[in-house]
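Biologist: I would like to learn how to read a structure like this one. Can we go through it feature by feature?

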Amino acid sequence: MNTSMKSSKRLTTTLTYVVLILGSILMIFPFVWMLLTSFKTQAESMAIPPQILPSSWALDNFTTALASLPFLNLYVNTGLLIVFRVLCAVIFSSMAGYAFAKLQFPCKNLLFGIVLVQMMLPSQIFITPQYLMLARLGLTNTIFALVFPGLVSAFGTFFLRQTYLGIPNEIAEAAYLDGCNKWQTFTKVMFPLTGSSCAALAIFTAVFAYSDLMWPLICNTDLNMMTLSAGLSTLNGQYTTNFPVLMAGSFLAMIPMVILYLLFQKQFIQGIAMTGGK
Amino acid sequence: MQKTSKLARDGAKWGLIMVAPTIIGLLVLNIYPFIDAIRMSFSKSLPFGMFEFEGIDNYVEMFQNAEFWKATWNTILFCILTVPVGIFLALLVAVLLNSKIRGRTTFRAIFFLPMVVAPAAVAMVWKWIFNTQYGIINSVFGVNVGWLTDSRFVLFSCAIVQIWSNIGYDAVLLLAGLQNVSATLYEAADLDGASKVKQFFSITLPMVSPTLFVVMIMRLMSSLKVFDLIYMMVDDANPALNDAQSLMSLFYRQSFIAGDKGYASAIVVWTVLLIGVVTIFQFWGQKKWVNYEV
């Protein structure tokens, strides 16, 4: 390699680093600013020129945020929402995905058509009727209401069907010969082979259940039954100008998922890449 | 012979049992609501969740309403502002992350971070950054721009946050596409003396075009449905509300705050049609630029 090519290569690498580092700063800055603001007094947050660091690391804003919103309930509600949605999505979609991929039964194409139709329609069109159904049953302001639209997952069914299609039929046939019936073949032999796909679906479901705002806002109007996102939006209306408290509240709302992400970063990113582009 | 037919019957039985929860769920949660939403859009909302058929009145009212047309335009403008720039930046990040550099996983993790933070929290911090009086942007640049309150800027500001939130997610998808491109193609191009820029346009771009297409469809859909960011950043007291309101924020306000579910259903049906038309155009246009011969 001659020197000019070497130096041009070095220039490319340097440029790559510069762009990525600048980009990373832009990605992280809002979160740093959130955290710094959450420790400031309201006067400090409004200082001109801006004061970068708080003068003391007092937890007052966190106390105020915790007192203004029932955070314990919000954490529990959000946690339950995620757990139930993930369980429903993984269990029901595995069953349906396996059946669509490996079994022959009447009306198979028609039934799979229903799955595809749901995937193509934007979820907002279902929201008003779903809400009216719940309201008629008197089930608003419950955990069930939060989980309701995600009891089954068309996307999950489609995604796991693809996974089962990729598993050779010989494996299932071997299980029959060993005396398993269709259900045992599924639970004991096939389902355990889909671990990474189920994990991907679980992460995907969890992230989207956690970010959703419109449905939780509609179905549960009682503050004690809200999710973190919906609770945060009421805090937004309560403290319109007290940004340190709002930042403390936002930080409390985002931290559980961020910790999970930092712990399972590789699985998160792989999961999203696998379920890619719903 | 008898054994096979028993096996087949067994398969049919278990097949139906195993799809039953999902199919019943979809019928109750999606198919019936879909039909119901269309019916509601042709009905007048009465108290106690009752409806009365009234023909196309909701649609007539909607098409005569300036606020509705403004929301439609805002939604389309939001797509124009976010989708091309967002995808370009995501592709740039993906290409950079695909080169042989140190700390790739760390960079990737940083760009992906906004994806695991609820949009409600993301909107909150950006609202603070964009604040007219005390926001860091105005303080640092010594200006006094109403990023979220001036009708000329509000949608741009929301678009910036949307792009910022999604770069990492899109980049992860595109990166997966890039990693499937065989290294031998680049080696061959190197031997032929093709420049990196030329390689990008004649190898990378065509090879990654199927992923690019998926990302584009997904982004267009999510931008046409935008709600949380705008709902959180532009509250009801904001003077620029009318200039930022998307179709879905208008739908939410009409259906669940004003309580006019019939009219709101007409808005949502309109949005679905809009998404449908855009998606059909995408699939029609893909023949011209997406390369499936991998």
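Modeller: We will go from a helix, to a helix pair, to chains and domains. Keep in mind that this is a predicted model.

Biologist: Which residues of helix α10 of chain A are buried?

Modeller: Look along residues 182-190 of chain A. The buried ones are Lys182(A), Thr185(A), Phe186(A) and Met190(A). They lie on the same side of α10(A), because their arc around the axis is only 100 degrees.

Biologist: At what angle do the axes of helices α13 and α14 of chain A cross?

Modeller: At roughly 180 degrees, and the axes come within 10 Å. An angle over 145 degrees counts as roughly antiparallel, so α13(A) is roughly antiparallel to α14(A).

Biologist: Which residues meet there?

Modeller: From α13(A), Leu228(A), Leu232(A), Leu235(A) and Asn236(A). They meet Leu246(A), Gly249(A), Ser250(A) and Ala253(A) of α14(A). By class, this contact has five nonpolar, three polar and no charged residues.

Biologist: How do I read an interface between chains?

Modeller: Interface size is often given as the accessible area lost when the parts come together. Here we count residues instead. In chain B, 76 residues are in contact with 81 residues of chain A. Helix α1 of chain B, residues 2-41, gives the largest share of the chain B side, 22 residues. That side divides into 58 nonpolar, eleven polar and seven charged residues.

Biologist: Into which domains is chain B divided?

Modeller: Domain 1 covers 2-41 and domain 2 covers 64-289. Their centres are 36 Å apart. The contact takes four residues from domain 1 of chain B and six from domain 2 of chain B. On the domain 1 side, three are nonpolar, one is polar and none is charged.

Technical notes:
Residues numbered from 1 in each chain as written. Chains lettered and ligands numbered in written order. Predicted model: local features only at pLDDT ≥ 70, side-chain atom pairs only at ≥ 80, totals over all residues. Buried ≥ 20, exposed ≤ 12 C-beta atoms within 10 Å, placed from the backbone. Helix = DSSP H or I, 4+ residues; strand = E, 2+ residues; numbered from the N terminus. Arc of directions from axis to C-beta. Axes fitted to C-alpha atoms, helices over the stretch in contact; angles between N-to-C directions. Parallel < 35°, antiparallel > 145°, perpendicular 65-115°, else oblique. Contact = placed C-beta atoms within 7 Å. Nonpolar A, V, L, I, M, F, W, Y, C, P; charged D, E, K, R; others polar. Domains from an automatic or database assignment.
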